[in-house]
Amino acid sequence: SSVENGRPPDPADWAVIDVVNYFRRAGFEEQANAFQEQEIDGKSLLLMTRNDVLTGLSLKLGPALKIYEYHVKPLQTQHLKNNS
């Protein structure tokens with residue numbers, strides 16, 4: 001399988017560190033650590049609800065909303081499209 005930015009193209013195959021690096025690259029340096037602490041890998045990321053992101057990671061609301069709307073949700077949508 002091809003590798004994009006050092007991580008597998010399908011988020012379902014991401015390890016915890018891939019998820020962490022993804023959010024660091026997206027500019028969420030501080031918040032990325034929460035994904036590491038909670039051991040969120042790609043499969044977990046794809047299962048996260050808006051509520052999980054807003055309350056489960058103990059993030060500030062502003063960054064949490066952006067992370068969900070601009071990153072988690074689009075990754076989930078993309079994954080579903082590619083695998084349907």
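Does alanine 15 count as buried, exposed or partly exposed, and what is its relative accessibility? At 37% relative accessibility, alanine 15 counts as partly exposed, because that value falls between the cut-offs of under 20% for buried and over 50% for exposed. Keep in mind as you look around that this is a predicted model.

**Where alanine 15 sits**

You can find alanine 15 in the segment before α1.

**The whole chain**

Now zoom out. The protein chain has five helices and zero strands, so its elements, read from the N terminus, run α-α-α-α-α. Its radius of gyration is 12 Å, close to the 12 Å that the globule rule gives for 84 residues, so the chain is as compact as a globular protein of that length. Along the principal axes, the C-alpha atoms fill a box of roughly 35 × 25 × 20 Å. Of the 84 residues, 38% count as buried. Among contacts between residues at least 6 apart in sequence, 44% join residues at least 24 apart.

A UniProt record (an unreviewed entry) places the feature "domain: SAM" at residues 14–62. That span is 69% helix and 0% strand, and its end C-alpha atoms lie 25 Å apart.

In soluble globular proteins, nonpolar side chains tend to be buried together. Here, the largest nonpolar core has 21 residues, and Phe23, Phe35 and Leu45 have the most contacts inside it. The elements giving two or more residues to this core are α1, α2, α4 and α5, and α5 provides the largest share, five residues. Phenylalanine 35 touches several residues beyond its sequence neighbours, including Val16, Phe23, Leu45 and Ile67.

**A look at helix α5**

Why does the length of α5 agree with what a helix should span? At 1.5 Å a residue, its 22 residues should span 32 Å, and its end C-alpha atoms are 30 Å apart, which agrees. Helix α5 also bends by about 35° at tyrosine 68. Its buried residues include Pro63, Ile67, Tyr68, His71 and Leu75.

An α-helix has 3.6 residues a turn, so residues three or four places apart point the same way.

| Helix packed against α5 | Residues |
|---|---|
| α1 | 16–25 |
| α2 | 29–37 |
| α3 | 42–47 |
| α4 | 50–56 |

Technical notes
Residues numbered from 1 in each chain as written. Predicted model: local features only at pLDDT ≥ 70, side-chain atom pairs only at ≥ 80, totals over all residues. Heavy atoms only, no water. Helix = DSSP H or I, 4+ residues; strand = E, 2+ residues; numbered from the N terminus. Expected span 1.5 Å × (residues − 1). Bend = angle between axes of the 7 residues up to and from the residue. Buried < 20%, exposed > 50% of the residue type's maximum accessible area, 1.4 Å probe, protein only. Contact = heavy atoms within 4.5 Å. UniProt positions renumbered as here; feature names shortened; annotations may be inferred. Core = buried A, V, L, I, M, F, W, Y, C linked by side-chain atoms within 4.5 Å. Rg over C-alpha atoms; globule rule 2.2 N^0.38 Å.
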